[in-house]
Amino acid sequence: MEIWDFNLRHLRAIVKIAELGTMNAAAQAVNLTQPAITQALSRIEGMLGATLFERRHNGMATTPAADLFVPRIAAALDHIASPHVTMSRMRALLALADSGSYSGAGMVTGLSLPSLHRAVSDLALATRRSLAERRGKIVILTDAGEAMARSFRLARVEIETGLSELAAARGHETRRISIGAMPLSRARVLPAAVTRFLKRNPQVRVTIIEGSRAELVDPLRNGAIDLMIGASREPLLEPDLIQKGLFRDHLVVIGRKGHPLAGTAPDARALAAYPWVVPSPGAPLRLIWEQLFARAGVAPPPVPVESGSVMTIRQLLIESDLLTLLSPDQMAVELEAGWVDRITDLPNDLDRTIAVTTRASWRPTAIQLEFLQDLDAVTVG
């Protein structure tokens, strides 16, 4: 079953039945006749293979299936935030946003070009917003179009999550957790949490998408991933995101085995005498690196290579006198193997906070909450 098979007006009616408690009141709220809303409810229950309401003499009572599904639909409608949006219009704009052209949107959806053009044009007219503009052979969404597409993606996630929860309640586990993993989380925290979680939930699919924060933040905001783990940002600039600290990560200076500074307890001035490989400006680790020298009144040393890739950094360190700043967990194997040396520790007040970042509007499922508890459990202390 695809979410596009649903009718948004009918889904609004379902929410109103749960909210108002009677078919008649719901019918008036969504401007449908009572026979029409009865038929809509019957069709949706048939599609879901679940009864959403118990018919009682004094109205309609939600079933456990409705208790799972209706809040997800309500959240989706909050994201959509307009009675003028239909499933066909929503589908057309998302396909256009993802493919960058009407022909590409047609290939993705199987819909004709005239129907896609009409759906996007009708949506723009109904919402009184310019949503897309053509630039050569591609179509670019306007700022309003991008904002609307993001809202539609989040709405789609809510509906799909509701369907997954219903399937799981019937014993057909289709739920998944999608995690954005920044470098440190991949070293220790995330594998430990996932292992702990899967021992109890082997049927849940866990998808881990690796990348820098810059690569992961848009997928998180668009609903493609559920949560992101890595160094926190202070201040957090995205108003639609929230972050929760997991633990403080201690940082050390690392160089090759036999580096001239190994075993010398170097100060900032001695460290500044060597070139470094650190992440690009703006990254939390780069900011801490800058503070290390600024507080000592020492000009920062040259950075001939900017990188956050541990694999790249490892090879650069082994073959040169470059220094880097990392958590020892990120180079645990290399340190144990004797390929690199721990040159010196940073002061504790330069530790960084590792956090989990989610959308402010995110409503985690029971299984996602369980994973968050496992994440807390492996980071205690």
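Start at Phe 53: select it together with Thr 62, which stands opposite it in E2. This is a predicted model, in which local features need pLDDT of at least 70 and side-chain atom pairs count only at pLDDT 80 or more, while totals for chains, interfaces and linings use all residues. Residues are numbered from 1 along each chain as its sequence is written, and side-chain values use heavy atoms, with hydrogens and water left out.

**The hairpin**

Pairing here requires at least two bridges found by DSSP between two strands. A hairpin of two residues links E1 to E2. The element names come from DSSP runs, numbered from the N terminus: helices are H or I with at least four residues, and strands are E with at least two.

**The whole chain**

Zoom out. The chain holds 16 helices and 14 strands. Its C-alpha atoms fill a box of roughly 85 × 50 × 35 Å, taken along the principal axes. Of the 381 residues, 49% are buried. Buried means under 20% relative accessible area, exposed means over 50%, and partly exposed lies in between (1.4 Å probe, protein chains only). Now consider contacts, meaning heavy atoms within 4.5 Å. Among contacts between residues at least 6 apart in sequence, 71% join residues at least 24 apart.

**Two nonpolar cores**

Select Leu 11, Ile 17, Leu 48, Leu 52, Met 87, Met 90 and Phe 152 next. In the largest nonpolar core, of 55 residues, these touch the most other members. Helix H4 (residues 64-80) gives the most to this core, with eight residues. A nonpolar core is a set of buried Ala, Val, Leu, Ile, Met, Phe, Trp, Tyr and Cys residues joined through side-chain atoms within 4.5 Å.

Centre on Met 87. Which residues is Met 87 in contact with, leaving aside neighbours within four places in sequence? Met 87 is in contact with Ile 3, Trp 4, Phe 6, Leu 8, Leu 11 and Ile 159. Another core, of 30 residues, lies apart from the largest one. Among its members are Ile 254, Phe 293, Leu 326 and Val 340.

**A helix pair**

Go to helix H6 (residues 102-109) and helix H7 (residues 113-127). Two packed helices are described by the angle between their axes and the distance between the axes. H6 and H7 pack at an angle of about 110 degrees, with their axes 9 Å apart. H6 and H7 are therefore roughly perpendicular to each other. That label covers 65 to 115 degrees; under 35 counts as roughly parallel, over 145 as roughly antiparallel, and the rest as oblique. Axes are lines fitted to C-alpha atoms, for helices over the stretch in contact, and angles run from 0 to 180 degrees between N-to-C directions.

Show the side chains. In H6, pick Tyr 102, Ser 103, Ala 105, Gly 106 and Thr 109. They meet Leu 113, Leu 116, His 117 and Val 120 in H7.

**The five-stranded sheet**

Move on to an open sheet of five strands, in the order E6-E5-E7-E14-E8, with mixed pairing. Its edge strands are E6 (205-210) and E8 (241-249), each pairing on one side only. On average, neighbouring strands are turned by 20 degrees against each other, direction ignored.

Click Gly 180. Its bridge partner in E6 is Ile 209, and in E7 it is Met 228. Strand E5 (residues 176-181) pairs with E6 in the parallel sense over six bridges. E5 and E7 also run parallel, joined by three bridges. From Met 228, step across to Thr 357, which stands opposite in E14. E7 and E14 pair in the antiparallel sense over four bridges.

H10 (residues 189-200) lies across E5, E6, E7 and E8, running at about 170 degrees to E6. H11 (residues 213-222) lies across E5, E6, E7, E8 and E14, at about 155 degrees to E7.

Not counting residues up to four places away in sequence, Ser 232 touches Gln 243, Pro 284, Thr 353 and Ala 355.

Finish at Gly 263, in the loop between strand E9 (252-256) and helix H12 (268-271). Gly 263 is exposed, with a relative accessible area of 82%. Select Thr 344 too: the two C-alpha atoms are separated by 8.3 Å, although the residues are 81 apart along the chain.
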